[in-house]
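Me: I would like to learn how to read aromatic pairs and pockets in a model. Please take me through them one feature at a time.

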Amino acid sequence: RVDFRHNEYGDSDTVLGHLEKLFSISSFSEGSLRILRSMSILGSGTMPLNDLMSILGLRNRNEIIELTSNGWLEILEKEEDGGTREYLYLHPILSRLMASKLDPREENVSEMVSYLTGILDRARDNITYADASELENELYYACCVLAKSSGRLPHDLWEGFIELNHLLGNT
């Protein structure tokens, strides 16, 4: 915990508290808040744009455009399999802030939890070491964020993390 004295009366606030004052989300739509809440459990802060739209049932990019035009999210383009794929990126500082403000819990980010466990289910028999390591980190981070909010570990994510941890020889 880092405290900053900000007046002569000795009142102090955390860095996170200062960020909360700087980055107001009070004018955001519920759809935009849902996107930020879901993205806040990702350790890498990135995910394919089409995947996010699909799992959250977004019919258009209106909220994505709102968040990117205001600098909350960034669209990254990556060359993959002879084409370009768009990814959404949420900066780690903003991710931590959103996790604090929007209280992600297994119930209100269930689509993202299913998405993360689904990656492992689809790749289980054919996963590379690098992909397994990256997914292990994602699952661990999501477990930590959700456990901090709710006080309990999300079972499916934790089981996936343990499986990958064992597969990678980290037991």
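Reply: Start with Trp158, which is partly exposed at a relative accessible area of 28%. The terms have cut-offs: buried means under 20% relative accessible area, exposed over 50%, and partly exposed in between, with a 1.4 Å probe and protein chains only. Phe161 counts as buried, at 11% relative accessibility.

Me: What should I know about the model and its numbering?

Reply: This is a predicted model, in which local features need pLDDT of at least 70 and side-chain atom pairs count only at pLDDT 80 or more, while totals for chains, interfaces and linings use all residues. Residues are numbered from 1 along each chain as its sequence is written, and side-chain values use heavy atoms, with hydrogens and water left out.

Me: How do I read an aromatic pair, and how many aromatic pairs does the structure hold?

Reply: A pair of aromatic rings is described by the distance of the centres and the angle of the planes. Rings of Phe, Tyr and Trp (its six-membered ring) pair if their centres lie within 6.5 Å; planes under 30 degrees apart are stacked, over 60 edge-to-face, and the rest tilted. The structure holds 3 aromatic pairs. One of them joins Phe28 and Trp72, edge-to-face, at 5.4 Å centre to centre with 80° between the planes.

Me: Which parts does the pair of Phe28 and Trp72 tie together?

Reply: Phe28 lies in the loop between helix H1 (15–22) and helix H2 (30–39), and Trp72 in the loop between helix H4 (62–69) and strand E4 (74–80), so the pair ties together parts that are 44 residues apart in sequence. Helices (H or I, at least four residues) and strands (E, at least two) are DSSP runs, numbered from the N terminus. Phe28 is buried at 10% relative accessibility. Trp72 is buried too, with a relative accessible area of 7%.

Me: What kind of aromatic pair do Trp158 and Phe161 form?

Reply: Trp158 and Phe161 form a tilted pair, 5.0 Å centre to centre and 35° between the planes. They are 3 residues apart in helix H8 (residues 155–167), so about one helical turn separates them.

Me: Now pockets. What is the volume of the largest pocket?

Reply: First, the term. On a 1 Å grid over the protein atoms alone, a pocket is an open set of points where a 1.4 Å probe fits, with protein on both sides within 12 Å along at least five of seven lines; lining residues have an atom within 4 Å of a point. Grid points are joined across faces, edges and corners, and a volume is the space filled by probe spheres set on the points. The largest pocket has a volume of about 540 Å³. Of its 20 lining residues, the closest to the centre are Tyr115, Ile119, Asp131, Glu134 and Leu135. H6 gives the largest share of this lining, 5 residues.

Me: Which helix gives the most to the lining of the second largest pocket?

Reply: H7 gives the most, with 5 residues. The second largest pocket holds about 170 Å³ of space. Its lining includes Arg96, Asp103 and Ser149.

Me: Is Ser149 buried or exposed?

Reply: Ser149 is buried, with a relative accessible area of 16%. Ser149 lies in helix H7. The Ser149 side chain reaches the backbone oxygen of Pro104 at 2.9 Å.

Definitions and conventions. A polar contact is a pair of N or O atoms within 3.5 Å; within protein, one must be able to donate a hydrogen and the other to accept it, and residues adjacent in sequence count only if both atoms are side-chain atoms.
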